[in-house]
Amino acid sequence: MNRPLGITVSRNIIDSQRMHPEATGELSGLLSELIVAAKTISAEVNMAGLADILGMSGKTNIQGESVQKLDEFANNTIKRRMAKSGYICVMTSEEEEGIVPVNEGYEGKYTLAFDPLDGSSNIDVNVSVGTIFSIHRRKSSLASGQGNLEDLLRKGSEQVAAGYIIYGSSTMLVFSTGQGVQGFTLDPSVGEFFLSHPDIKTPEKSIYFSANEGNYQYWDENMRRYINWLKEENKEDGRPLSARYIGTLVSDFHRNLIKGGIFLYPKDNKNPDKPSGKLRLLYEAGPFAYLVEQAGGRAITGDGRNVSDIEPEELHQRVPLIIGSKYDVDIAEDFLLGRR
Ligand code: P6P
């Protein structure tokens with residue numbers, strides 16, 4: 001059977017690079033190495049049930065969360081491959097307390113922040129999980145050698161690329177280098193990602209809302225009013241929206257990106273040590289904010305800030321995240337700021 005000649009992600013990356021005559025090919029090389037790591041993780045995730053790699057590793061991470069064996073595998077796979085890629089000077093991972101150096105002699109001009117396997121609570125029950133990544137240039141183009149914390153604590157608006165891999169019914173890679181959002185699907189029979197969702201634009205209006213309503217009592221009054229408003233009937237306004245919440249940010253974000261939705265993980269008073277909610281800025285909210293803006297959507301914190309404008313102060317800083325179709329995020333912001 002002659003399949004149409006698919007556009008591989010490597011071809012797409014090179015085509016994008018050609019649009020920048022000044023490009024050196026280093027970002028392309030970085031993405032290619034990251035894609036090899038993603039393929040390795042995908043193979044393991046898809047075999048996890050058979051390879052006795054499910055369950056807990058018996059360790060806890062910086063977040064105080066128990067580390068699953070697959071979390072550890074994904075983290076080590078990305079760390080080891082990228083430390084010798086020659087394209088980055090420093091990394092941060094959700095699974096690592098401090099900054100992660102690269103191999104001596106392999107320092108490059110970019111930095112990498114990543115969540116190796118988002119959705120830990122879903123790993124052992126065959127629900128989609130994913131890898132999230134964010135790429136910046138190092139702070140000073142004149143610097144060389146190992147990067148440092150300053151190189152990592154950067155605004156989302158300064159990202160040069162961001163994306164995710166979702167290990168679901170198929171393995172998809174969705175990323176942007178600032179020229180729109182491209183989606184690729186892995187053909188496991190040839191081990192290649194092929195362009196399947198060119199130039200993704202998120203629908204103007206949401207049909208879904210995604211929030212953990214188990215936290216309802218911990219939300220402030222404005223957040224409760226907004227969620228209740230979403231559930232009121234107003235056919236001409238398309239309400240009530242349908243509730244969809246998987247509990248894996250990558251999956252909830254991906255579905256909403258494609259179909260139109262708003263995802264909310266607002267601040268809550270459930271955990272005094274997490275007043276800003278649960279999600280992290282550098283390797284969760286930040287990359288998704290970059291992607292959704294590239295796809296025509298919006299990402300805010302609910303206290304008047306756009307996620308992309310936040311100056312990070314700590315590596316594992318948490319922020320509230322309201323993200324999705326701009327029409328709905330604008331209305332949510334009006335409710336959360338008490339303007340509506
Ligand atoms: P909750 C997964 O552990 C995660 O970090 C995100 O992927 C997900 O959106 C969120 O936590 C779910 O949190 O509190 O609703 O279980």
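A residue counts as buried when its relative accessible area is under 20%. The views below come from a predicted model.

**View 1. Val250, a buried residue of helix α6.** Val250 sits in helix α6. Its relative accessible area is 0%, so Val250 is buried. Now look along the sequence. Val250 and Asp118 stand 132 residues apart, yet their C-alpha atoms are 6.9 Å apart in space. Asp118 is also one of the residues around the ligand.

View 2. Helix α6 runs over residues 249-259. How many of its 11 residues are buried? Nine are, so the helix is largely enclosed by the rest of the structure. The buried residues include Leu249, Ser251, Phe253, His254 and Leu257. Asp252, Arg255 and Asn256 are buried too. Just after α6 comes Gly260, with a positive phi of about 100 degrees.

View 3. The ligand sits in the largest pocket. Around the ligand are Asp118, Gly119, Asn212, Tyr245, Gly247, Thr248, Leu249, Phe263, Tyr265, Lys278 and Glu284. An N or O atom in the side chain of Tyr265 is 2.6 Å from an oxygen atom of the ligand. For Leu249, a backbone N or O atom lies 2.7 Å from a ligand oxygen. For Lys278, a polar side-chain atom lies 3.1 Å from a ligand oxygen. On its own, the ligand has 400 Å² of accessible area, and the protein covers 85% of that.

View 4. Thr202 lies in the loop between β9 (192-197) and β10 (208-210). Is Thr202 buried or exposed? Thr202 counts as buried, because its relative accessibility is 10%. The side chain of Thr202 reaches the backbone oxygen of Leu257 at 2.9 Å. Leu257 is itself one of the buried residues of α6.

**View 5. Gln182 and Asp199.** Gln182 belongs to strand β8 (residues 182-187). With a relative accessible area of 13%, Gln182 is buried. A polar atom of its side chain lies 2.9 Å from the backbone nitrogen of Asp199. Asp199 is in the loop between β9 and β10. Asp199 is partly exposed, at 43% relative accessible area. Its phi is positive, about 45 degrees, although Asp199 is not a glycine.

**View 6. Asn126, an exposed loop residue.** Which loop holds Asn126? Asn126 is found between β4 and β5 (129-137). Its relative accessible area is 77%, so Asn126 is exposed. Asn126 is not a glycine, yet its phi is positive, near 60 degrees.

View 7. The peptide bond from Arg239 to Pro240 is cis. Its omega is near 5 degrees. Pro240 lies in the loop between α5 (221-231) and β11 (242-243).

**View 8. Leu117 in strand β4.** Strand β4 covers residues 110-118 and includes Leu117. Leu117 is buried, with 0% relative accessible area. How far apart in space are Leu117 and Ala243? Their C-alpha atoms are 24 Å apart, and 126 residues separate the pair in sequence.

**View 9. Helix α3 from end to end.** Helix α3 has 15 residues, numbered 69-83. From first C-alpha to last, α3 reaches 21 Å, close to the 21 Å expected at 1.5 Å a residue. Its buried residues are Leu70, Asp71, Ala74, Asn75, Thr77, Ile78, Lys79, Met82 and Ala83. An α-helix has 3.6 residues a turn, so residues three or four places apart point the same way.

Definitions and conventions
Residues are numbered from 1 along each chain as its sequence is written. This is a predicted model: local features need pLDDT of at least 70, side-chain atom pairs count only at pLDDT 80 or more; totals for chains, interfaces and linings use all residues. Side-chain values use heavy atoms; hydrogens and water are left out. Helices (H or I, at least four residues) and strands (E, at least two) are DSSP runs, numbered from the N terminus. The expected span of a helix is 1.5 Å times one less than its number of residues. Buried means under 20% relative accessible area, exposed over 50%, partly exposed in between (1.4 Å probe, protein chains only). A residue is near a molecule or strand if one of its heavy atoms lies within 4 Å of it. A polar contact is a pair of N or O atoms within 3.5 Å; within protein, one must be able to donate a hydrogen and the other to accept it, and residues adjacent in sequence count only if both atoms are side-chain atoms. Accessible areas come from the Shrake-Rupley method with a 1.4 Å probe; for residues, only the protein chains shown count as cover. On a 1 Å grid over the protein atoms alone, a cavity is a set of points where a 1.4 Å probe fits but cannot get out, and a pocket is an open set with protein on both sides within 12 Å along at least five of seven lines; lining residues have an atom within 4 Å of a point. A molecule sits in a cavity or pocket if more than half of its atoms lie within 2 Å of its grid points.
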